[in-house]
Structures are given as C-alpha cells and as structure tokens.
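Welcome, and please get your viewer ready. We will go from one selection to the next and look at what each one holds.

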Amino acid sequence: MKLYGSIASPYVARVVMFAKIKGVDLQPQEAPGGGIKSPEYLKLNPIGKMPTLEVNGQGIGESAVICDYLEDACTQKSGLPKDALERARSRLVARIVDIYISPAIGPFFRNMNPARRDAAVIETAAQDLAKAYSYAEHAMGPGPFCVGATPTLGDCTLGPTTVLVRRILTAGAFGLPDPIGTPRLAAWWKALEGHADCSAVLTAHTTALDAFLKAMASKR
Ligand SMILES: N[C@@H](CCC(=O)N[C@@H](CS)C(=O)NCC(=O)O)C(=O)O
C-alpha cells in the first residue's frame, strides 16, 4: 500500500491521521512520474489530485474514499465510534468539511493577491465559512473530540482543514475570526493538539503548509 501526495495538503494529512489513529503508519511519498499530472500518476488517478492510495497496482482517489477503504481493509482498530449514531455524527462532521467548509475556502485561494481581491466574494465566503463551522459544531457529539474521548474520522477531516483556515484566513492576510472561537470548538482543538498521534500529523502538515505558502508568496 502506497500513499501519494504531500503532507502540505489537508486531504493527504486527513488520510495520514486517519491511518495513524487506526495504528497504520502510512507516510506519503512523491507521485510516480514526478508529479500528480504525470502520465504514470494519471493512470492511477485520472482526476490528477492528491492523495491517491495505490493498492496492488490499482489507484484509489479521493481522501474520503481512501479513509473508507482503510476502515474496511485495516480492521484491527476502527477509526469510527462504536455506536451507530455516534458513527453517523463523526461521518457528518467529515461530510460537512467536504461539502460546506472546503468550498468556502476556495474563493480565498483565488483572491490571495490583495491588489486584485474581490471584496464582495470574500465577504460572502467568510459568511459561508462561519456558517459551515457552525454546522460542524452542531454535528459534534459530547467531546472533547468530535465524538467522545478518542479521535475518529471527523477529527481527522476537520483538523487539517482547520490548520489551513487558521494559517491562511485567520492569521494570514484575510484577518477572519478564529474558526475555533466557540467553547466547544476550542475544547475540540485542545484535545486534538493534546493527542500525540493527531498532534504529530498536525505539526508535519503545518510545517509543510508553511513552506508551500512561502514558496507561493515568493512567486507572486
Ligand atoms: N476531493 C479531493 C480533493 C483533493 C485536492 O483538491 N487536492 C489538491 C491538493 S490540496 C490537489 O491535488 N490539487 C491539485 C490540482 O487540483 O491540480 C479529495 O478529497 O481527495
């Protein structure tokens, strides 16, 4: 089993963290052919995005599906809560990240340059993002993690995305309010940072993301 992509990507970091809480050490490596647009990589994953998991020569794309695969294939330790309703909550947090939080981040990336920034677009995206975080908070169960006393899929999905939001939109050029400003989300973040496996992945993700942002800024 090989995972392709960079830990700077929140989607790759999600898979690495999910594998880790399941007791599977899955370190991302450079895409075959030297990049995610190479013919070798596109053969495994024609979407041309990271991550891709290679299993027996076959490629599995999309981080959510890779996590599903790991949950099905690596059964020694589950990455989801035991109770069905709690499992649904954990999955719901992950889904909210994919269909509400991540799309609200896109406009910020397209408006990084202050000189060419569309203020109305940013205003709408900021409102969408705040709403999306309130949906995630509503989906959470009793904590301190998304659901219960140990990290599960929801944490692995929301965690790296929150690093990105805090790095670029809160501490970065946009000055948005901290997405973890409510007591429940602040307690969730503290739990994540205090968990050895989660915090190791968050640190690796943050370091790689900072290097990526620095390289991007020097190109502008
Ligand atoms: N829905 C995909 C999104 C993956 C994604 O957007 N990855 C970005 C890196 S953060 C990427 O590969 N971008 C390259 C591109 O779009 O060309 C997933 O969950 O895996």
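## First stop: around the ligand

The shell of residues around the ligand divides into five nonpolar, three polar and two charged. Bear in mind as you look that this is a predicted model. To see the shell, select Ser9, Tyr11, Ile36, Gly48, Lys49, Met50, Pro51, Glu62, Ser63 and Ala64, the residues around the ligand.

## Second stop: the hairpin

Now select residues 52-55, which form strand S3, and residues 58-61, which form strand S4. The two strands run antiparallel and are joined by four bridges. Zoom in on Leu53, and you will find Ile60 of S4 standing opposite. Then move to the turn: two residues lie between the strands of this hairpin, and Asn56 takes a positive phi near 50 degrees.

Next, colour the chain by its domain assignment, which gives domain 1 (2-73) and domain 2 (84-219). Their C-alpha centres lie 20 Å apart. The contact between them takes 13 residues from domain 1 and 19 residues from domain 2.

Which elements give two or more residues to the side of domain 1 that touches domain 2? Select helix H1 (10-21) and helix H3 (63-73) to see them. H1 gives the most to this side, with eight residues. By class, the side of domain 1 that touches domain 2 has ten nonpolar, one polar and two charged residues.

Centre the view on Ala136 for a closer look. Leaving aside residues up to four places away in sequence, Ala136 touches Val93, Ile96, Val97, Ile101 and Leu158.

## Last stop: a loop glycine

Finally, select Gly33, in the loop between strand S2 (28-29) and helix H2 (39-44).

Not counting residues up to four places away in sequence, Gly33 touches Ser38, Pro39, Glu40 and Tyr41. To end the tour, draw a distance from the C-alpha atom of Gly33 to that of Ala187: the two are 154 residues apart along the chain and separated by 43 Å.

Terms used:
Residues are numbered from 1 along each chain as its sequence is written. This is a predicted model: local features need pLDDT of at least 70, side-chain atom pairs count only at pLDDT 80 or more; totals for chains, interfaces and linings use all residues. A residue is near a molecule or strand if its C-beta atom, placed from the backbone, lies within 6 Å of it. Ala, Val, Leu, Ile, Met, Phe, Trp, Tyr, Cys and Pro count as nonpolar, Asp, Glu, Lys and Arg as charged, and the others, Gly among them, as polar. Two residues are in contact if their C-beta atoms, placed from the backbone, lie within 7 Å. Domain bounds come from an automatic or database domain assignment. Two strands pair if DSSP finds at least two bridges between them.
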